[in-house]
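Hi,

Here's the structure I promised to pass on. Have a look at it first, and then read on for what turned up.

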Amino acid sequence: MAVRLGELLLREKRITPVQLQEALARQRSNGGRLGLSLVKLGLVKDDEITQVLSRQYGVPAIALGSFELDQAVVRLVPVETAIKYLVIPVARSGTALTLAMADPTNVFAMDDIKFMTGLQIEPVVASEMALRESIARYYGRGTSTEGATASSEAVTRALEALNGEDGLEVVGHADSSDASTLEGHEAPVIRLVNALMLSAIHRGASDIHLEPYEREMRIRFRIDGVLQPVLAPALKYRDAITSRLKIMAQLDIAEKRLPQDGRIKARFNDQGVPGEQLVREIDFRVSCLPTLFGEKIVLRLLDRQQLRLEMTQLGFEASALARFSAAIRRPWGLVLVTGPTGSGKTNTLYSAISQLNQPGVNIMTAEDPVEFNLAGINQVQVRDGIGLTFATALRSFLRQDPNVLLIGEIRDAETAAIAVKAALTGHMVLSTLHTNDAPSTVGRLINMGVDPFLVASSLQLIVAQRLVRRICEHCREADTLQPGFLIEAGFAPEEVSTLVVQHGRGCSRCGGTGYKGRVGLFEVMSSSEVIRRLIFEAAPVSELRRQAMDEGMVTLRQCGLQMVRQGLTTLDDVIRETVV
């Protein structure tokens, strides 16, 4: 393509042979298409390139900067596909989609987009520079805050950097300390990695997934609990990106056969403005796992500013919060928080020990990993590889004159037994388990080998929790659901006729998803005299649940339905996270 375009420009005497050689040299050095190099050098204008490409390919040309594109049409093609093929949808007419392309002969791109949209593709040609600017402009509208827009543009600029472009402002490098500073000017892959990290921070992502496949590499962000594709860099950059992240996390870049875990500490300015003082720090927990086509890397964002240590902000219903607060302030006993990974258990436990953190109280924690550093609390990082397990740490804690013990997770019978015994010998013990609801936690402890009478004697309270997405405040509107569906979900038949449920229609503030942020669902089971007797008798979970509900326990589904009544979340999200 480059030679043909060059020949056409020479034939029309728009450039000289010397200028062509200069542009080809820049292209070899920086990558990208010849037309972009010519424009960057100021040898031809962008609209001239577009007209020549139109004659070269025999398809109409389009000047993307001359008119406004419909955002609904643009969203027909995901951003990662637009970046991968350098295309953008222009207009839709019936079953036909007009697609601006840098290379309208790319049948793979047209087939992919035809398959994903179900529309016939009508290609028009546009210059590479115009396409890049349009992708940055229209796909950068996913959020409305300045920081979020800057993050979208940062990713786009980073992709340009992979093709040799200059001028990336918000970038970073790993320095000699334990921190990586997200500013400066570095190599293209370094620019891409740091732009991704900044984008994830500004968009409120909890995780970054970098996944290698046979023919592509996919990068996704987990935002409000749901994975969203971000971009797909060329496969040739896979190893460079992986090595960069492993270096930043101080991992062994030569070891590609075994899983590795590390940590990156980053500093950046909160406004994304180059040259200003770095005012925020954030940690990235890095997990590297060998897969069939390379190493998959997941970065968990640990942002202290997102940590809610004030218990009233967690989302507990008033009576449930009162029971939880009373339980953790008792002089001894076992308080458990249960739920799947990513349900907010760590936040709840940190909030609890922050309330107990007083000069006269000795609080010790064993965590894997230590997610946030809390002043005044003795935190221990568990290291199974050298024998520092939860059980080992817990034994040592009992010789350290503790008042409150936090165990990151009860994983085995040994840890469970020591935790229960510690709770029975004058210590408040807080920990987590992976169970579906509060009543089933009792059965889980007994199955791990703890005697029922020990569970009954030590257990004070169990909290089961989930996180559901919060409806966007800026595009909230009434939703229409069938009465039968509402009744099946758990609403009483008599309230269905007057019930108004809501959803988000999607706007620029929420990136078109209809959701912004998350809210917690909590199921709190206290240990009453009757509950203790049932545990002692090894009663079935169904009987425990029935008794707990008789005593006022609100189940996860009931809590979710209440959130739906209040217009905080959608019924779809509640059904996805809870059962009747």
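Phe390, Ala391, Leu394 and Arg395 of helix 14 touch Glu414, Thr415, Ile418 and Ala419 of helix 15, where contact means heavy atoms within 4.5 Å. By class, that contact has five nonpolar, one polar and two charged residues. (Ala, Val, Leu, Ile, Met, Phe, Trp, Tyr, Cys and Pro count as nonpolar, Asp, Glu, Lys and Arg as charged, and the others, Gly among them, as polar.)

A quick word on where this comes from: it's a predicted model, so local features need pLDDT of at least 70 and side-chain atom pairs pLDDT 80 or more, while totals for chains, interfaces and linings use all residues. Residues are numbered from 1 along each chain as its sequence is written, and side-chain values use heavy atoms, leaving out hydrogens and water.

Back to that pair: the axes of helix 14 (residues 390-397) and helix 15 (residues 413-424) come within 8 Å and cross at roughly 20 degrees. The two helices are therefore roughly parallel (angles under 35 degrees).

Now for Gln260, which sits in strand 9 (residues 260-268). Is Gln260 buried or exposed? Gln260 counts as buried because its relative accessibility is 12% (buried means under 20% relative accessible area, exposed over 50%, partly exposed in between, with a 1.4 Å probe and protein chains only). Its side chain reaches the backbone nitrogen of Asp252 at 3.0 Å. Leaving aside neighbours within four places in sequence, the contacts of Gln260 include Lys246, Leu251 and Val286.

Cheers

Methods
Helix = DSSP H or I, 4+ residues; strand = E, 2+ residues; numbered from the N terminus. Polar contact = N/O pair within 3.5 Å; in protein donor to acceptor, adjacent residues only side chain to side chain. Axes fitted to C-alpha atoms, helices over the stretch in contact; angles between N-to-C directions. Parallel < 35°, antiparallel > 145°, perpendicular 65-115°, else oblique.
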